[in-house]
Amino acid sequence: MKKFIQENLERDIKSFEKNDDLYKRYLKYCKFYNLEPITKRSFTYQLKKHNIGIYHKRMKNYVIEYGRWGVKLLPCKY
């Protein structure tokens, strides 16, 4: 998980990333490195454990989005 965080995320207090987008990137990472992915729930827990962003839900266009403030996805290498 640490390697995924180092390669794909950066701290940015103005950024918001949806949990779905973070998890999709994680799945690409696992496929690229031929790793067995963890569940989405475990992935969210690992982000919290490593102090990656702040969990938040927001309303956008009458849809609730779950995500994290303070984290930004880097350009994809995979």
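1. Glu 7 lies in helix α1, which spans residues 2-8. The model is predicted, and the points below should be read on that basis. With a relative accessible area of 14%, Glu 7 counts as buried, because the cut-off for that term is under 20%.

2. Setting aside residues up to four places away in sequence, Glu 7 touches Tyr 29, Tyr 33, Leu 74, Lys 77 and Tyr 78. With one of these, Tyr 33, the side chain of Glu 7 forms a polar contact of 3.4 Å.

3. What does the side chain of Glu 17 reach? At 3.2 Å lies the backbone nitrogen of Leu 73. Beyond its neighbours within four places in sequence, Glu 17 is in contact with Leu 22, Gly 67, Arg 68, Val 71, Lys 72 and Leu 73.

4. Strand β3 covers residues 63-73 and runs antiparallel to strand β2, residues 54-60, with 7 bridges joining the two. Within this pairing, Ile 54 has Trp 69 of β3 as its bridge partner. The hairpin of β2 and β3 has 2 residues between the strands, and Asn 61 there takes a positive phi near 55°.

Notes:
Residues numbered from 1 in each chain as written. Predicted model: local features only at pLDDT ≥ 70, side-chain atom pairs only at ≥ 80, totals over all residues. Heavy atoms only, no water. Polar contact = N/O pair within 3.5 Å; in protein donor to acceptor, adjacent residues only side chain to side chain. Contact = heavy atoms within 4.5 Å. Pairing = 2+ DSSP bridges. Helix = DSSP H or I, 4+ residues; strand = E, 2+ residues; numbered from the N terminus. Buried < 20%, exposed > 50% of the residue type's maximum accessible area, 1.4 Å probe, protein only.
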